[in-house]
Amino acid sequence: MVKIQWYPGHMEKARRQMSERLKAVDLVIELRDARIPEASRNPLLNMMAKDKPKLILLTKTDMADPLLTEEWIRFLKKDNVSCLAVDLNKDPHVSRKIIREALKVMKEKRDRQKSRGINPRAVRAMAAGIPNVGKSTMINRIAGKNTLKAADKPGVTRSLTWLHADPDLDLLDTPGVLWPKFDDEKTGSLLAAVGSINDDILDRRMLAMDTIHMIQDLYPGHLEEIYEAEEGTNPNGMLKAIARKRNLVRENNEPDTKRAAEMFLSELRKGRLGRLTLEKPHEEDSEEDLHE
Ligand code: G4P
């Protein structure tokens, strides 16, 4: 699991590296987790890459709620941004789909160049996003694992290396990493709930209860059914129900809610509780309005 570095120095270094790489890039492929499309974005990316065309990929769509993924795509497209939901692990055609969509984003510009008699060079794209959203998986899928391994030898300093994804598209072999941005406690809980940040520093019982509360709000009755809990069970009661259902009892036969919390988080992260999305778009806004 990713260890979050809180030192401003690390964030500054990541930001500097990102700005440097952006200079060489025509298109930013921004990856976000389809289960938490808002919490898994870093607004700094938009600020740093404001003049660049962008393609948003909602990753891990195999674990997200298909209806809410549709809603998110509609919401994100309101700002005229291209957006695609992807399963980077299991979809055999995922590379093709991403490359096709990336070229579509750049089509107008390339057509303009062609009409002016300029022969456009291959588009240069970079995968960017916070840790754990699937950037390396995507690069591996597009390039094939061996290509990446060869380039990743430690101790070899190298300038930017481009992978030839398509005759018209090159992909930077190193992703742009940005740290997650915690505007509020809820964002932190969401990132920890899906396992995107290390929860060692967090109280897992509290995290589990926050997450249970969020799921109860979005999917009434869902957890009650899985863990055979009464309707209206509060998060603490739900932990007890989980302990009972999963046989987690302490020596005195009391439900072990600490282990129940861990079990719940692990089941959620493995997708064993079904395809759940933990955030809904704010339909009344567009994303640009929200972050002006
Ligand atoms: P990063 O470079 O952005 O940090 O993310 P990375 O590719 O390392 O992916 C983080 C984890 O997310 C990996 O799992 C990866 O397999 C998983 N993942 C990426 N995309 C998808 C997707 O579309 N669907 C699903 N279900 N999972 C995805 P891991 O457990 O850390 O590693 P491993 O089990 O794959 O070895």
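In this predicted model, the side chain of Asp62 places an N or O atom 2.7 Å from a nitrogen atom of the ligand. A backbone N or O atom of Leu88 lies 2.7 Å from a ligand oxygen, and an N or O atom in the side chain of Ser136 lies 2.6 Å from a ligand oxygen. The ligand on its own exposes 710 Å², of which the protein buries 61%.

Attention may now turn to the salt bridges. In one, the side chains of Glu12 and Arg16 meet at 3.9 Å, N to O. Both residues belong to helix α1, which spans residues 8-22, and they stand four residues apart, about one turn of the helix. Glu12 counts as partly exposed because its relative accessibility is 32%; Arg16, at 48%, is likewise counted as partly exposed. Glu12 and Arg16 are also linked with Arg15 in a network of salt bridges.

Another pair joins Asp168 and Arg110, whose side chains meet in a salt bridge of 3.0 Å, N to O. Asp168 is in the loop between β5 (162-166) and β6 (169-172), whereas Arg110 is in helix α4 (residues 94-115), so the pair ties together parts that are 58 residues apart in sequence. Asp168 has a relative accessibility of 33% and therefore counts as partly exposed. Arg110 has a relative accessibility of 9%, and therefore counts as buried, since the cut-off for that class is under 20%.

A further salt bridge connects Glu228 with Lys245, with the closest N and O atoms 2.8 Å apart. Glu228 lies in the loop between α9 (222-227) and α10 (235-245), and Lys245 lies in helix α10, so this pair ties together parts that are 17 residues apart in sequence. Glu228 is exposed, its relative accessible area being 59%, while Lys245 is partly exposed at 33% relative accessibility.

Arg74 is part of helix α3, residues 66-77, and its relative accessibility of 52% is why it counts as exposed. Arg74 and Pro281 are 207 residues apart in sequence, yet their C-alpha atoms are 9.5 Å apart in space.

Methods
Residues numbered from 1 in each chain as written. Predicted model: local features only at pLDDT ≥ 70, side-chain atom pairs only at ≥ 80, totals over all residues. Heavy atoms only, no water. Polar contact = N/O pair within 3.5 Å; in protein donor to acceptor, adjacent residues only side chain to side chain. Areas by Shrake-Rupley, 256 points an atom, 1.4 Å probe, with all protein chains shown as cover. Helix = DSSP H or I, 4+ residues; strand = E, 2+ residues; numbered from the N terminus. Buried < 20%, exposed > 50% of the residue type's maximum accessible area, 1.4 Å probe, protein only. Salt bridge = Lys/Arg side-chain N within 4 Å of Asp/Glu carboxyl O.
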